[in-house]
Amino acid sequence: MHSALCSDRLRLCPATGRPITRDLPTTPATEALEAAFSRSAVLRAPRGGVASFQVVVAADVPGDGADVSVRVPPFSNPAGALDRVDIYYEWPCRMAEDEWTYEALVPLAVHQSAPADVRRGPLGLRLHHVFWVDVPVPRETPAGSYQSVV
């Protein structure tokens, strides 16, 4: 099983796990940004805002995502911590006749507790599973760099 971090603007094809390039400007600068984001993540958000990113998991065998788990401990620094981290399972949605993307966000606990036929969804068992992570930043959060591990 392999995983990578991706920006919140990247769209992936559920069938292939490849980026849907028509959604992205294809310049060397944006390609470099996406490549850098897959190795490490720097999130920026104002106080009162939300920082978001995606975790892409490529499984060794097709599955419905129930056995894939993503954990993100609170982001912290010496001044405090961002204790709330919301994790969602991204549900495959049809874009066109033969085009699919991950679009709908289902709370992770809801997805994992759903019946197997519901978890499989319209595409059946898949190798690629995508999770959306939101990190709300309260207004009273001290400025600074906060770190966590996915």
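Residues are numbered from 1 along each chain as its sequence is written, and side-chain values rest on heavy atoms, with hydrogens and water left out. Because the model is predicted, local features require pLDDT of at least 70 and side-chain atom pairs count only at pLDDT 80 or more, whereas totals for chains, interfaces and linings use all residues.

The largest nonpolar core comprises 19 residues. A nonpolar core is here a set of buried Ala, Val, Leu, Ile, Met, Phe, Trp, Tyr and Cys residues joined through side-chain atoms within 4.5 Å; buried denotes under 20% relative accessible area, exposed over 50%, and partly exposed the range in between, for a 1.4 Å probe and protein chains only. The members that touch the most others are V55, V72, F75, I87, F131, V133 and V135. At least two residues of this core come from each of the strands β2 (50-63), β5 (86-96) and β7 (126-136). Strands (E, at least two residues) and helices (H or I, at least four) are DSSP runs, numbered from the N terminus. The greatest contribution is that of β2, with four residues. Another core, of five residues, lies apart from the largest one and includes L10, V56, Y102 and V130. In soluble globular proteins, nonpolar side chains tend to be buried together.

Strand β7 is largely enclosed by the rest of the structure, because 10 of its 11 residues are buried. Pairing, which requires at least two DSSP bridges between two strands, links β7 to β2 in the antiparallel sense over 10 bridges. Within this strand, H129 is the bridge partner of V57. Strand β5 also pairs with β7 in the antiparallel sense, over four bridges, and Y89 stands opposite F131 of β7.

Residue S52 is located in strand β2 and is buried, with a relative accessible area of 15%. The side chains of S52 and D134 are joined by a polar contact of 2.5 Å. A polar contact is a pair of N or O atoms within 3.5 Å; within protein, one must be able to donate a hydrogen and the other to accept it, and residues adjacent in sequence count only if both atoms are side-chain atoms.

Residue P138 is found in the segment after β7 and is partly exposed, at a relative accessible area of 35%. Although P138 and G48 are 90 residues apart in sequence, their C-alpha atoms are 4.8 Å apart in space. Apart from neighbours within four places in sequence, P138 is in contact (heavy atoms within 4.5 Å) with R47, G48 and L82.
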